[in-house]
Amino acid sequence: MRSLRSFKTKLFITYSLTLITITLMASIPLYFYLKHNIEKNIVTHVQQLAQNTTSNLNSYISMFDNIAFQFYNSHDNTRTTVAGYMGQLLAQKQQAEGGSHEANLSINNFLMIVSSVYNKFDQINLYSNSGLTYTKMVGNTAVRQIIGMDLNFESADEMKGGVALSSNEHGGDHSIPALSLTRKLMWYATDLGYIEAVIRPESIIDTVHLQEYSGASLLILHHDQVIYNSTGATEAVSKSSNAYRVNDKTYRGDFTVLLQIPKDQLFKPLQMFRLVMSGIVFFVILFSVLCFYLLARSLTQPLSALKIAMDNARIDDDGTLPITNKYKMNEIESLKRSFHKMNTRLKDSIDDKLHFRTLQLRSHFQTLQAQINPHFLFNMLSVMTILSDRKDAAAVSSISRKLSLYLRYAISSESEMTALSHELAFTDSYLELMKSRHLHRLNYTIQVQDEMMNLQVPKLSLQPLVENCIQHGLTDDIDQIHIQLSGYMQGEQWTIEICDDGAGFQGDTLSQIHRRVEDYIHRLQDENDAEPLSLSIGGMGLVSTLARLKLLWKSHMTYEISNLESRGTRIAISVTMVKEGETI
C-alpha cells in the first residue's frame with residue numbers, strides 16, 4: 001500500500017489514464033471512418049467485378065452480331081453471300097460435286113476471315129441443315145477439347161434469330177468448361193442452320209479475383225434459368241442470408257450476371273483491419289505508458305539513486321555520493337552533505353582498527369612464507385651426506401647450490417609477490433632436489449605459456465602444491481610418479497594445473513580439504529579467534545596455500561581438487577585478471 005501512495009506511482013497512474021482516454025477518443029472515430037471506407041472499397045471492387053464480366057459478355061455478343069451481319073452481307077466476286085451459298089447447298093445437295101466445292105470454299109474462306117478478325121473466340125462453327133459442319137479453330141488445337149457439346153439448338157430456336165447463350169457445364173463429360181453463343185440462320189423463309197462461337201469462361205470472368213473469395217460464385221442467367229455457374233452447382237441463387245449479391249444485365253437485357261459472395265469472406269479484410277487497429281492502439285498505449293513510467297522514474301530517480309549509493313558506500317570512499325542532482329533539489333544536496341559527514345566520522349573511527357588488522361594479516365602471510373618443512377632439510381642433508389661418502393663432489397656441489405638458492409628464495413622478505421617465472425624456477429629447483437632423493441621414482445615436466453611468465457603471484461604458491469603431490473602421491477606401493485605442471489590463458493583468465501599419476505586422495509580427504517580452506521580463511525579474518533592456526537598439511541601445506549590465494553584474489557580466483565579417473569590427482573587454480581581501476 002505504501003508504494004501506491006508514492007509520488008512516482010501517482011504521477012504514473014495520472015499520466016497513463018490521461019493518455020488512455022485521449023487515445024480512445026481519437027482512435028474510435030478513426031476506426032469507424034476507416035471501416036466505412038474499407039467497406040465501400042470492398043463493395044466497389046465486387047460491383048466492378050460483376051460489371052467487368054457483363055461488359056466482356058456484351059463485347060462478345062457484339063462481336064458475334066458482327067459475324068452474323070457479315071454472314072448475310074459479305075459476298076464474293078460473283079456477288080453471292082455466304083448465306084446464299086448455304087442456301088444453294090441446302091437446295092442443291094443432290095447436284096454435282098463441282099457446285100458444292102465452290103460453296104464450301106467460300107464458306108471456309110468466310111470462317112477464316114472472321115476468325116482472324118474476331119480472334120478472341122476459341123472456335124467458330126457453322127452447322128448447315130444440309131448436314132454439313134464447318135469449324136475454324138482460332139487458338140491452339142488443344143482447345144478442341146472444350147468442343148463436343150450436345151448439339152441442342154432449342155435455345156437458339158426460342159430466340160428466333162436472337163443470340164442464345166449456353167454452357168457445357170452441366171452436360172456431358174468435358175474436361176474444360178465452355179460457353180457457346182448461338183444464332184439461328186434464316187434466308188428469307190428458309191432455315192439454313194446455325195452459327196456458333198465458343199468461348200472459355202475465363203475469357204469473360206476475372207477468375208483470379210473471383211478466387212480471392214472463398215465460396216464465391218458467379219452465375220449467368222437467362223431470365224431465371226442458370227446458363228453458367230462458376231462453382232458448377234445447379235442452384236441458381238444462394239438462399240443464405242449471409243451471402244452478398246451483385247447483379248448486372250447485358251445491354252439488351254437478355255442475360256443477367258449474378259455475383260454471390262459469403263459476407264464473412266467478403267468482409268474478411270475488415271476483421272484483419274479490426275485486429276490490426278486494436279493491436280496498434282494497444283501498442284501505442286503500451287509504449288506511451290512505458291514512456292510515462294520512465295518519466296516518472298526519472299523524476300524520482302535522485303532519491304532512489306541516493307539510497308543505492310548509501311547502500312553501496314565503502315569505508316575507503318571519499319564521502320562524495322555519485323549522484324547528479326538533475327532537478328536541483330535542495331533535499332538531495334542536504335542528504336549528500338549529511339552522508340559525507342557521517343562517512344568521514346565512521347572512517348576516522350575505524351581507521352586505526354583497520355590498519356591494525358591489515359598488519360595482522362600481513363604478519364600471517366609472512367609467517368606462511370617463512371615456514372620451511374624441517375623434514376625436507378633433514379632429507380637433503382642426508383642425501384648430501386651419502387653423496388659425500390661416495391666421493392661424488394660434483395653432485396654434492398650441485399645439490400648445495402640448488403638448496404642455497406631454494407632457501408634464499410623461500411626466506412626472502414623483499415616482496416610478498418613475484419613474477420610467475422621466478423616461482424616456476426623455484427619450483428623447478430625444489431623438484432630437482434627431490435629428484436636427487438627419489439631418483440628414477442620421480443619424473444616431472446613443466447609447460448607454461450610464455451605470455452604468463454610476467455604474471456604476479458604470491459611467493460611459495462606453486463611449490464607447496466607440488467610437494468603435496470610427492471608426499472601423498474608417491475607412497476610405498478607406487479613405483480614411479482610423474483608430475484605435470486602446465487599453465488595456459490583463455491581470454492582474461494589464466495589457469496595453472498598440477499596433475500600426477502600417484503595414489504591420489506583417499507576417502508573423504510577432498511571434502512575435508514574444502515572445509516579446512518573455508519575454516520582457515522574464516523579464522524584468519526576473525527580477530528576474536530586467538531587459537532593458533534595449523535598452517536600446513538605436509539610442508540607449507542595445500543590448505544594454507546589455497547587459503548592465501550583465496551584471500552588475495554577473493555572472487556576472482558577459483559580452485560578445483562579432484563582425483564583422476566585412472567589414477568592420481570588434479571589441482572587447478574584459475575584466476576580472472578583484475579582490470580585497471582577494478583577493486584578486488
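Predicted model: local features only at pLDDT ≥ 70, side-chain atom pairs only at ≥ 80, totals over all residues.
A salt bridge is taken here as a side-chain nitrogen of Lys or Arg within 4 Å of a carboxyl oxygen of Asp or Glu. K184 counts as buried, at 18% relative accessibility, whereas D157 is partly exposed, with a relative accessible area of 30%.

K184 has a further partner in D191, for which the closest N and O atoms are 3.5 Å apart. D191 counts as partly exposed, at 32% relative accessibility. Another salt bridge is formed by the side chains of E432 and K402, with an N to O distance of 3.5 Å. Because E432 lies in helix α11 (residues 420-438) and K402 in helix α10 (residues 393-411), this pair ties together parts that are 30 residues apart in sequence. Both side chains belong to partly exposed residues, the relative accessible area being 27% for E432 and 26% for K402. Through shared partners, salt bridges join D157, K184 and D191 into one network. By the criterion stated above, the count comes to eight salt bridges. Side chains of opposite charge can pair when their charged atoms come close.

The overall composition of the fold was then examined. The secondary structure of the protein comprises 14 helices and 16 strands. Of its 584 residues, 39% count as buried. Among contacts between residues at least 6 apart in sequence, 65% join residues at least 24 apart. The protein exposes about 33,000 Å², of which carbon and sulfur atoms supply 54%.

Nonpolar packing was considered next. The largest nonpolar core contains 57 residues, and within this core L420 and I483 touch the most other members. When neighbours within four places in sequence are left aside, the contacts of L420 are V448, M452, M453, L455, V457, L462 and I496. A second, separate core is made up of 53 residues, among them L57, F110, L210 and A216.

Nonpolar residues also occur at the surface. M272, L275, V276, I280 and V284 form a nonpolar surface patch, with about 470 Å² of accessible area together. M272 is placed in helix α7 (residues 268-311). This residue counts as exposed because its relative accessible area is 52%, above the 50% cut-off.

An unreviewed UniProt entry lists residues 12-34 and 275-296 under "transmembrane region". In the model, residues 12-34 are 100% helix and 0% strand, and the C-alpha atoms at the two ends are 32 Å apart. Residues 275-296 are likewise 100% helix and 0% strand. For residues 275-296, the end C-alpha atoms are 31 Å apart.

S217 is found in strand β6 (residues 217-222). This serine counts as buried because its relative accessibility is 8%, under the 20% cut-off. Not counting residues up to four places away in sequence, S217 touches N229, S230, T231, L258, L259 and Q260.

S106 is found in helix α3 (residues 97-117). At 17% relative accessibility, S106 likewise counts as buried. Its contacts, with residues up to four places away in sequence not counted, are D76 and Y85.

I446 is located in strand β11 (residues 442-448) and is partly exposed, with a relative accessible area of 30%. Apart from neighbours within four places in sequence, I446 is in contact with L424, D428, L431 and L485. For the pair of I446 and D428, the separation is 18 residues in sequence and 8.1 Å in space, C-alpha to C-alpha.

Key. Residues numbered from 1 in each chain as written. Heavy atoms only, no water. Core = buried A, V, L, I, M, F, W, Y, C linked by side-chain atoms within 4.5 Å. Buried < 20%, exposed > 50% of the residue type's maximum accessible area, 1.4 Å probe, protein only. Contact = heavy atoms within 4.5 Å. Patch = residues over 30% accessible without salt bridge, like charges linked within 9 Å, V, L, I, M, F, W, Y side chains within 5 Å. Areas by Shrake-Rupley, 256 points an atom, 1.4 Å probe, with all protein chains shown as cover. Helix = DSSP H or I, 4+ residues; strand = E, 2+ residues; numbered from the N terminus. UniProt positions renumbered as here; feature names shortened; annotations may be inferred.
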